[in-house]
Amino acid sequence: MISKWNYLPFTTEQSSIATDLATHLHDCYPISRLLVLRGIKSLEEAEKFLNPSMSDLHDPFLMQDMDKAVNRLNKAMGAKEKILIYGDYDVDGTTSVALVYRYLQNYYSNVEYYIPTRYEEGYGISNKSIDYAASIGVSLIIVLDCGIKAVEEVKYAKSKGIDFIICDHHVPDEILPDAAAILNPKLEGNTYPFKHLSGCGVGFKFMQAFAISNGLTNMFELDSLLDLVAVSIAADIVPIIGENRVLAYYGLKRINSNPNMGLRSIIKICGLANKEITISDVIFKIGPRINASGRMQSGIEAVELLVSKDAADAYRRAKNIDQYNRDRKELDKRITEEANGILEKRGENTSSKKSIVIYNKGWHKGIIGIVASRLTELYYKPAVVLTLANGLATGSSRSVRGFDIYRAIDSTRDLLENFGGHTYAVGLSLKEENIPEFTRRFEEYVAENITPDQLTQTISIDCEITFNDINADLLYYLRQLNPFGPGNQKPIFSSRNVLDYGTSKLVGRNLEHIKLELIDNSSNRVMNGIAFNQADKFKYIKAGVPFEICYTIEENRHKGGSSIQLFVKEIKVNDANQ
């Protein structure tokens with residue numbers, strides 16, 4: 001199926017800004033256009049975007065309750081209280097716990113960490129964990145990447161003499177837990193300048209404020225943990241703009257130069273050693289392995305890996321986690337096939353419904369979020385996947401571009417036992433008998449609020465160029481645009497009137513891909529490219545007629561040089577030639 005190609009329009013003002021910026025960027029208009037599309041309006045903003053600086057991070061004390069959080073932590077350390085660092089079992093939660101635990105251990109030893117089990121305790125703060133904390137004499141829990149809805153649990157903890165500092169980034173309810181401090185940039189009335197921190201990012205800002213309050217002017221110990229922040233930003237799919245761009249930029253530098261022992265071991269197992277690691281590598285290779293620990297076994301194993309200081313121990317733990325990831329892949333494949341089989345029998349491809357809700361009590365709880373993502377990609381509809389866990393239908397949901405699935409789930413809150421998450425991903429639980437009504441009302445909300453454009457697979461074209469435009473200046477500035485991610489996606493270019501040089505060929509085990517060698521009329525240059533799973537276009541390419549491509553530009557850098565390859569997302573041929 002050919003996607004809708006959306007050529008992003010420019011206003012007169014944007015065109016003027018882009019033309020002005022280009023004069024300062026070696027007349028590289030494609031880059032100036034990309035900057036304007038990312039909200040850049042001046043040369044000063046362009047310089048900040050292209051050259052991120054740690055000095056651009058905001059004062060952590062601008063965040064509501066930060067002074068309370070720091071004072072409570074300082075009080076606990078001064079009184080030698082036992083502190084428990086608590087986090088969710090996913091990548092964001094485990095990196096958060098590892099960061100705060102490792103940093104505080106530089107100055108304080110009476111600290112432990114805790115990760116709840118996905119299957120016994122579920123998401124968030126559990127009474128079991130509070131009982132455990134009380135049994136070992138904990139009087140302060142620092143909770144990361146969850147807790148914003150734990151009203152009853154925090155109340156229960158207070159009855160046992162335990163305070164909470166909540167560091168979260170999920171959407172809050174109107175009623176907040178009675179904690180000593182709540183750090184969440186999404187709180188209503190919070191004037192913190194950046195709303196899109198990851199859970200680990202909130203933990204980093206807390207430790208930054210702690211350092212400032214104690215006169216710890218040498219930030220090396222904290223900045224050395226930015227590799228963990230970068231992993232959380234990539235894995236949690238938060239926008240890589242503003243503070244996140246700075247944190248991800250320096251975190252990636254750390255990953256590529258001197259990552260912590262645990263990450264170093266995963267990098268080796270992933271086959272990424274001695275390669276330049278990108279955000280994509282974190283999303284598709286590093287993150288899933290860390291996540292697999294919490295999905296298949298226990299998230300605490302991921303924390304133990306990330307805080308390890310011994311190379312042999314870290315490598316052993318990384319190998320265990322890699323096996324969890326292999327097991328996860330097998331389950332993911334099987335359950336996705338089962339889910340797709342059910343939906344095909346329902347006639348989902350031809351259904352007029354605007355959403356998917358699917359339930360199977362035998363599916364593995366740790367995999368359903370991935371399955372929801374797969375179904376959303378396949379059917380391009382908001383999807384909810386449910387299984388049975390601890391007597392409740394428990395599930396994950398994923399959304400399509402531009403549609404707020406959190407609001408859709410929130411519209412059914414009276415049917416739910418619990419829910420929480422973001423615009424594009426929400427976890428939820430409900431009684432089995434409520435599934436039919438939830439399905440009906442969820443579909444009703446989606447049908448009333450989603451637009452036809454949001455239900456259409458769309459490729460947003462950043463800039464139309466010729467092969468002659470792919471020069472040294474363009475490649476230099478594309479490197480400067482890194483790291484890519486939400487809010488700063490890898491640029492997608494298009495080129496018209498492209499021809500086969502005569503040497504393009506089918507490749508792959510089943511000849512399903514096309515290895516392209518292309519020319520256009522702008523130069524005599526032959527561009528190499530790869531078009532995955534587009535063998536159906538091969539006969540049109542070989543017919544010798546012009547066609548159109550949209551693609552990203554990939555630069556493979558080697559010692560002493562580099563090579564360029566176009567990753568062709570789609571090939572569009574003239575209707576008359578089909």
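Some ground rules. Residues are numbered from 1 along each chain as its sequence is written, and side-chain values use heavy atoms, with hydrogens and water left out. Because the model is predicted, local features need pLDDT of at least 70 and side-chain atom pairs count only at pLDDT 80 or more, while totals for chains, interfaces and linings use all residues.

Now the helices. Helices here are DSSP runs of H or I with at least four residues, strands are E runs of at least two, and both are numbered from the N terminus.

Start with helix 5, residues 91-104, and helix 8, residues 199-213. They pack at an angle of about 15 degrees, with axes 8 Å apart. Axes are lines fitted to C-alpha atoms, for helices over the stretch in contact, and angles run from 0 to 180 degrees between N-to-C directions. So helix 5 and helix 8 are roughly parallel. The cut-offs: under 35 degrees is roughly parallel, over 145 roughly antiparallel, 65 to 115 roughly perpendicular, and the rest oblique. Who touches whom? Helix 5 brings residues including Leu99, Val100 and Tyr103, and helix 8 brings residues including Phe204, Met207 and Phe210. Contact means heavy atoms within 4.5 Å. By class, that contact has 9 nonpolar, 4 polar and 1 charged residues. Nonpolar covers Ala, Val, Leu, Ile, Met, Phe, Trp, Tyr, Cys and Pro; charged covers Asp, Glu, Lys and Arg; the others, Gly among them, are polar.

Next, helix 15, residues 311-346. Helix 15 packs against helix 13, residues 279-296, at about 75 degrees, with axes 8 Å apart. Helix 13 and helix 15 are therefore roughly perpendicular. Among the residues that meet are Ile290 and Arg295 in helix 13, and Tyr324 and Arg328 in helix 15. The residues of this contact divide into 7 nonpolar, 2 polar and 5 charged.

Helix 15 also packs against helix 16, residues 368-379, at about 45 degrees, with axes 9 Å apart. So helix 15 and helix 16 are oblique to each other. The class count for helix 15 with helix 16 is 8 nonpolar, 2 polar and 4 charged.

How much space lies in the second largest pocket? About 400 Å³. Of its 16 lining residues, the closest to the centre are Ile40, Glu45, Lys48, Phe49 and Gly242. On a 1 Å grid over the protein atoms alone, a cavity is a set of points where a 1.4 Å probe fits but cannot get out, and a pocket is an open set with protein on both sides within 12 Å along at least five of seven lines; lining residues have an atom within 4 Å of a point. Grid points are joined across faces, edges and corners, and a volume is the space filled by probe spheres set on the points. Helix 3 (43-50) and helix 11 (242-257) each supply at least two lining residues. The lining has 5 nonpolar, 4 polar and 7 charged residues.

Last, the backbone. The peptide bond from asparagine 482 to proline 483 is cis, with omega near 0 degrees. Proline 483 sits in the loop between helix 19 (472-481) and strand 14 (493-500). Aspartate 27 has phi near 55 degrees, a positive value in a residue other than glycine.
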